[in-house]
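Reader: Could we go through this structure together? I would like to begin with how its elements are assigned.

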Amino acid sequence: MNQNIKNVIDEIQPLRDELKNHELYKSLKSIDDIKIFMESHVFAVWDFMSLLKALQNLLTCTKVPWTPNMDSKSARLINQIIVDEESDLNYDGEPKSHFEMYIEAMDEIGAETTTINHFVSGIKDLGNIANCIKKSDLNSSIKSFLNFSFVTIEGWKSHEIAAAFTFGREEIIPDMFIEIIEQTEKTNKVSLDKINYYLQRHIDLDGDEHGPLAHEMIIGLCKNDSKKWEEVANISKKALKERIQLWDFINHSIKHKNEPFNKIENPELANV
C-alpha cells in the first residue's frame, strides 16, 4: 500500500472504527427499522453522486469543444467509477443509477420516498442547493451532512472532493452494508431482493474495484505534496464525523418510532 494512503488510513482509523461499531447496526431489527434507516440514508446516496460528478467535471472534459485532459489516468479512473454508479444494471437487468436502484429498493419494502423525490426535484443547480437545504424540513443532521458535501464541492479542490468520496464514503460502505445485510436476512416477512441486490453490488464494487481505483486517483492528485495529503486527512475526518452524526440521528429515530419522520430531534445533537 502507498505510504501516504496508509498514513491517512492510520490517522482516520479511530473514526472508521467508531462508525463500524456504531450502535445503529444493532438497532436494525425489523423492516420498520430498515425503512427508517433508508429514508434518511437515501440523502447520502443522492449527494454521493454529486461528489462523483464534481470529480468528473474537474478531471475530465465535459464541455464542447473537447480538449485533452491534463491527467488522463485520473480521468480514466473516475470514468470507470461513473459507469457503475450512474448506469449499473439493477435487479431486473435494466440500466439504472445506484440512486435509482436505492429508490426502487425503498419502494419494494414500503419506505417513504416522497421527501427525497420532492427535495431532488427542487434542485436547479449548484447555486441554489444551500438554500434548498436550508428551507427544507429535513433534520439538522441530514442538513449538516449535505452542507458538508456541497461546501467541499464548492471548494473545487479535486483532492479534497476525492477524499470525501473515498475515505468518508466509498471506503466505509462495504463494512457498513455487510452489517445491514445480516439484519435484513433475519427478516422474511416481505421481499428484500432489491435492497439485498443493491447492497451486494456496493460490497462487490466498492470493496474490490472502486476502493482501489479511488486510492489510485488520490495518489495521482496529491503525488508528494504534503499540504494536499494533510488536507485529504482533514476532509476525511470531517466526512466521517458527519457520517457518525447522521448515524446517531438515524439510531435515535429508530428508538423513537412513534415520532413523525423528519421531526425527530436528538437533544444531544441540538447544537449541530
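Author: Helices (H or I, at least four residues) and strands (E, at least two) are DSSP runs, numbered from the N terminus. This is a predicted model, in which local features need pLDDT of at least 70, side-chain atom pairs count only at pLDDT 80 or more, and totals for chains, interfaces and linings use all residues. Residues are numbered from 1 along each chain as its sequence is written, and side-chain values use heavy atoms, with hydrogens and water left out.

Reader: Where is Ile-250?

Author: Ile-250 belongs to helix H12 (residues 226-255).

Reader: Is Ile-250 buried or exposed?

Author: Ile-250 has a relative accessible area of 0%, so it is buried (under 20% is buried, over 50% exposed, partly exposed in between; 1.4 Å probe, protein chains only).

Reader: Which residues is it in contact with, leaving aside neighbours within four places in sequence?

Author: Ile-250 contacts Leu-24, Ile-36, Phe-37, Ser-40 and His-41, where contact means heavy atoms within 4.5 Å.

Reader: Turning to aromatics, how many pairs are there?

Author: There are 7 aromatic pairs. Rings of Phe, Tyr and Trp (its six-membered ring) pair if their centres lie within 6.5 Å; planes under 30 degrees apart count as stacked, over 60 as edge-to-face and the rest as tilted. For Phe-43 and Phe-119, the centres are 5.7 Å apart and the planes at 70°, so this pair is edge-to-face.

Reader: Why does that pair tie together parts apart in sequence?

Author: Because Phe-43 lies in helix H3 (residues 31-59) and Phe-119 in helix H6 (residues 114-121), the pair ties together parts 76 residues apart in sequence.

Reader: Which residues form one aromatic cluster?

Author: Phe-43, Trp-46, Phe-119 and Phe-150 do.
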